[in-house]
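Good morning. Please have a look at the chain on the screen, and I will then walk through some of its parts.

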Amino acid sequence: MAMNKQTKPESPVVWQASDAAEACRLKQQLGEDGVFVAGGTLLRTWWEAGTARMPGHLIDISGMANMQKPIVLVSSSHDRQICQIGAAALLSEVRNDSYIRTHYSLLTTAIKNIAAPSIRNLATLGGNVLSRVGDALPALLVYEAVLLWHDGQGEFQQTLAQWLLEAQVSAGWKNRLLLAIILPPVDLPEQEGYSRLDVYHKVGRREVFTPSIATVAISAIVSSVQHIVDVRLAAGGGQTAPKRLEHTELLLKDAKLDRSLLHSCYTSVMEHFHPIGDVFASESYRKKTAANLIVSELWKAMQPKA
């Protein structure tokens, strides 16, 4: 490990870990006064806003080569491609990757909506995930992403949905290192006449470079007679940790798209999505925005194809 003592007394000491095990050992030694950092863009925003204390030590993981790879493709037991994205991969690299753009288009669209290009050239996908409110999270949830961690003893996997629930009640995850985000293969429609509906929307207070009021991601397979064969929905926005809308998914799955179903869908989102309001947008406004975004996309899918 290498240590670089800063000249300003208020500046944190920066430690550069060579691998995940060393990074975790440093974290265990430094405790709450040590924080993992790669891009550091969000941490710097929090420090400047006074919403987080600047720690005494930063554990720099940006030089760990295996965490920087935008993607690694691994064959599953069923000879299908599993995509693994390094947690320290830059948002701009992930967005521009042709495999991600082809197979996980919602993630590409989500990253396009994160901050400005200069930020995306420094910020990492792992940092966006660990913020717990990142705009990439709804897209990753509908792809049923899995997180690969190192806890100092070894590696283990946990679904993104499970971690988001854990993080609401415990800060224990901050003691382990996120290595990668794993995306299972996306099922393509196998029968003729079936089509995919993949949509991501972010609504903010202005067009770009703004926190979201609501973000939604939809991934569905619809038959030629407008039956919803499969559907995954996720919503977030602002300081709301994104979540799958499982009640609404159950309502939509195997149902026929019609006006009655759209009305029921709107009602279901209003009942089961509970965003956090603030001075800019109330809980009710955020909830209605998410419900309208989802229903409007399903309405578009009902329209005859040209």
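Helices here are DSSP runs of H or I with at least four residues, strands are runs of E with at least two, and both are numbered from the N terminus. With that in place, Thr-248 lies in helix H11. Before going on, note that this is a predicted model, in which local features need pLDDT of at least 70 and side-chain atom pairs count only at pLDDT 80 or more, while totals for chains, interfaces and linings use all residues. Residues are numbered from 1 along each chain as its sequence is written, and side-chain values use heavy atoms, with hydrogens and water left out.

Back to Thr-248. Is Thr-248 buried or exposed? Buried means under 20% relative accessible area, exposed means over 50%, and partly exposed is in between, with a 1.4 Å probe and protein chains only. Thr-248 has 1% relative accessibility, so Thr-248 counts as buried. Contact, in this talk, means heavy atoms within 4.5 Å. Leaving aside neighbours within four places in sequence, Thr-248 is in contact with Leu-233, Cys-265, Ser-268 and Val-269.

Cys-265 counts as buried because its relative accessibility is 0%. Cys-24 also has 0% relative accessibility and therefore counts as buried. A disulfide is a covalent bond between the sulfur atoms of two cysteines. The search criterion is a pair of cysteine sulfur atoms within 2.5 Å. How many disulfides does a search of the whole structure find? The search finds 0.

Next, the cores. In soluble globular proteins, nonpolar side chains tend to be buried together. A nonpolar core is a set of buried Ala, Val, Leu, Ile, Met, Phe, Trp, Tyr and Cys residues joined through side-chain atoms within 4.5 Å. The largest one in this model has 57 residues, and the members that touch the most other members are Leu-107, Leu-160, Leu-177, Ile-181 and Leu-183. Which strand gives the largest share of this core? Strand E9, residues 177-183, does, with 7 residues. A second, separate core has 28 residues, among them Ala-220, Ile-228, Val-231 and Leu-245.

Let me stay with strand E9 for a moment. Not counting residues up to four places away in sequence, Ile-181 touches a list of residues that includes Cys-83, Ile-85, Leu-125, Val-129, Leu-140 and Leu-147. Ala-180 lies in strand E9 too. With a relative accessible area of 2%, Ala-180 is buried. Its contacts, again leaving aside neighbours within four places in sequence, are Gln-84, Ile-85, Gly-86, Ala-87, Val-146, Leu-147 and Leu-148. The C-alpha atoms of Ala-180 and Trp-149 are separated by 7.3 Å, and the two residues are 31 residues apart along the chain.

Here is another pair. Ala-21 is found in helix H1, residues 20-30, and counts as partly exposed at 26% relative accessibility. Between Ala-21 and His-150 there are 7.4 Å from C-alpha to C-alpha, although they are 129 residues apart along the chain.

Leu-197 gives a contrasting case. It lies in strand E10, residues 195-204, and counts as buried at 13% relative accessibility. Leu-197 and Ala-38 are 159 residues apart in sequence and 34 Å apart in space, C-alpha to C-alpha. Residues up to four places away in sequence aside, Leu-197 touches Ile-218, Ser-219, Ala-220, Glu-297, Leu-298 and Ala-301.

Two loop residues have a positive phi without being glycine. Ala-115 has a phi near 50 degrees and is found in the loop between helix H6 (105-112) and helix H7 (117-120). A relative accessible area of 23% makes Ala-115 partly exposed. For Gln-226, phi is about 65 degrees. Gln-226 lies in the loop between strand E11 (212-222) and strand E12 (228-237), and at 18% relative accessibility Gln-226 counts as buried.

That is what I have for today. Thank you.
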